[in-house]
Amino acid sequence: MDVFRIMGGNRLSGTVRLSGAKNAVLPILAAALLTGEPVVLKNCPRLKDVSNMLAILQTLGCTYRQKDGEIAIDASCAQGWEMPGELSKQLRSSIFMMGSILGRFRRATVTYPGGCEIGLRPIDLHLSGLRALGVKITEAHGMIYCDGSDMRGGEVQLDFPSVGATENVMMAAVLSKGQTVIHNAAREPEIWDLQNFINAMGGKVNGAGSSTIFIEGVEQLHGTVYSPLPDRIVAGTLMAAAAVTGGELELDNVRPGDLAAVNDKMRQAGCAIETQGARLFLRAPKELQPVRISTQPFPGFPTDMQAQMMAMACLAQGTSVIVENVFENRFAQASQLRRMGADILINDRTAVIHGGKLTGASVMSRDLRGGAALVIAALAAEGVSEVGNVEFIDRGYEALENTLNALGARIQRLS
């Protein structure tokens with residue numbers, strides 16, 4: 001296992017160009033199975049989760065080539081519909097494959113997905129959505145068996161705007177006869193991106209970005225060349241890192257509208273933020289101010305930025321309050337931040353953070369975003385910190401230490 005050794009107290013300054021978003025690339029990779037023609041994705045990050053998804057596609061019979069941020073996928077020889085259990089347990093997003101495998105082969109055998117332990121994240125919404133399309137589903141011995149031989153368009157009502165369930169139903173419906181309507185659909189930008197990718201292959205999907213999505217089934221899809229949208233969570237993480245170090249940051253290849261909720265809280269913390277087209281500029285204040293955050297599905301504040309904002313709040317002059325409404329177990333970073341001197345009180349889904357100073361310590365990542373939060377805290381802490389379990393961080397950030405070092409940080413990766 002790798003460890004980050006971080007010398008705190010260095011001001012970050014410089015420019016970063018964002019790669020494609022992990023949360024957009026993964027469902028798009030799954031959707032590439034829906035066509036037998038080649039698909040090329042550009043500006044893709046090299047991440048552990050992306051590698052796992054490509055390995056899953058390979059076990060199903062796909063071939064791929066990955067070089068210089070480009071991924072070329074050929075699913076023409078794909079014939080497997082049984083998901084590999086070991087790979088699936090390493091990747092929560094493997095559940096996306098259920099919809100695309102059903103769409104391509106009309107049957108699927110999958111195991112329950114893995115990923116970070118940030119809450120229950122039940123897949124009931126995925127299964128009920130697919131059942132609304134006529135899929136017969138049996139659960140036994142830790143496996144999910146799906147029979148889509150009678151699959152057709154239908155009305156899907158989601159009890160919660162789940163991103164994964166919305167994407168799964170979209171992929172299952174695109175090659176099914178008739179019209180599918182998803183009510184209470186997730187509105188995240190990544191849903192809009194998946195719609196655009198499917199339509200680039202010849203699909204007929206519209207409404208993504210709103211709470212109602214319409215899918216008109218088509219007989220087949222063709223290949224395409226596509227660039228996934230930039231990663232708004234990586235953008236927010238880098239903004240938080242610059243903020244706690246009193247730095248200045250320029251981000252290139254951003255979609256400012258996707259960052260509206262994050263930008264609002266950054267300004268509340270005292271940061272000056274300007275946007276010009278696809279560029280964003282942040283200048284940190286002399287002293288960070290406390291924030292009040294309540295995570296919500298998009299367009300609310302993203303749960304994937306909650307941990308990073310908690311790290312920021314530990315350095316603010318005053319008391320911050322964070323309410324986690326999406327996942328019930330996403331404050332794992334709090335105990336590790338306390339090892340660095342943070343004053344954090346947790347009561348159920350509410351965290352109260354009394355800001356101050358942090359000192360270097362040895363801490364352990366418990367999940368992807370919590371690991372990023374510990375890196376942010378270490379950048380502003382007095383002395384040297386060591387952040388363990390870096391493999392969690394590698395799931396969503398490509399060589400994060402190199403990106404931060406280029407901005408002026410002092411981080412070593414130790415094996």
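1. Arg-369 and Asp-304 form a salt bridge in which the closest N and O atoms are 4.0 Å apart, a salt bridge being a side-chain nitrogen of Lys or Arg within 4 Å of a carboxyl oxygen of Asp or Glu. This pair links distant parts of the chain, 65 residues apart, with Arg-369 in helix H12 (residues 368–380) and Asp-304 in the loop between strand S17 (292–294) and helix H10 (306–313). Helices (H or I, at least four residues) and strands (E, at least two) are DSSP runs, numbered from the N terminus. Both Arg-369 and Asp-304 are buried, where buried means under 20% relative accessible area, exposed over 50%, and partly exposed in between (1.4 Å probe, protein chains only).

2. A word on the basis of this note: the model is predicted, and local features need pLDDT of at least 70, side-chain atom pairs count only at pLDDT 80 or more, while totals for chains, interfaces and linings use all residues. Residues are numbered from 1 along each chain as its sequence is written, and side-chain values use heavy atoms, with hydrogens and water left out.

3. The protein chain averages a pLDDT of 94, and 95% of the residues score at least 70; pLDDT is the predictor's confidence in each residue, from 0 to 100. Over residues 115–121, however, the pLDDT is below 50, and this stretch has 23 contacts in the model beyond near neighbours in sequence, contact meaning heavy atoms within 4.5 Å.

4. The whole structure holds 17 salt bridges according to the search. In one of them the side chains of Asp-252 and Arg-279 meet at 3.3 Å, N to O. Asp-252 lies in strand S14 (residues 248–252) and Arg-279 in strand S16 (residues 279–283), so the pair ties together parts that are 27 residues apart in sequence. Asp-252 counts as buried, at 16% relative accessibility, whereas Arg-279 counts as partly exposed, at 29%.

5. Glu-401 and Arg-413 also form a salt bridge, with their closest N and O atoms 2.8 Å apart. Here the linked parts are helix H14 (residues 400–406), which holds Glu-401, and strand S23 (residues 410–414), which holds Arg-413, the two residues being 12 apart. Glu-401 is buried at 9% relative accessibility, while Arg-413 is partly exposed at 29%. Both residues belong to a network of salt bridges that also links Asp-2 and Asp-394.

6. Leaving out residues up to four places away in sequence, Leu-251 touches several residues, including Val-16, Leu-18, Leu-238 and Arg-279.

7. Helix H10 deserves a separate look, since eight of its eight residues are buried, so the helix is largely enclosed by the rest of the structure. Among these buried residues of H10 are Gln-306, Gln-308, Met-309 and Ala-313.

8. Helix H6 (residues 163–173) and helix H7 (residues 189–200) pack at an angle of about 10 degrees, with their axes 10 Å apart. Axes are lines fitted to C-alpha atoms, for helices over the stretch in contact, and angles run from 0 to 180 degrees between N-to-C directions. That angle makes H6 roughly parallel to H7 (under 35 degrees counts as roughly parallel, over 145 as roughly antiparallel, 65 to 115 as roughly perpendicular and the rest as oblique). The contact involves residues of H6 including Val-163 and Met-170, and residues of H7 including Ile-191 and Leu-194.

9. Which residues does Met-170 contact, leaving aside its neighbours within four places in sequence? They are Ile-182, Ile-191, Leu-194, Gln-195, Val-205, Ile-213 and Ile-215. Met-170 counts as buried, at 0% relative accessibility, and its C-alpha atom is separated by 8.7 Å from that of Leu-194, 24 residues apart along the chain.

10. Helix H1 (residues 22–31) and helix H2 (residues 48–59) have axes that come within 10 Å and cross at roughly 0 degrees, which makes H1 roughly parallel to H2. Where they meet, the residues of H1 are Lys-22, Val-25, Leu-26 and Leu-29, and those of H2 are Asp-49, Val-50, Met-53, Leu-54 and Leu-57.
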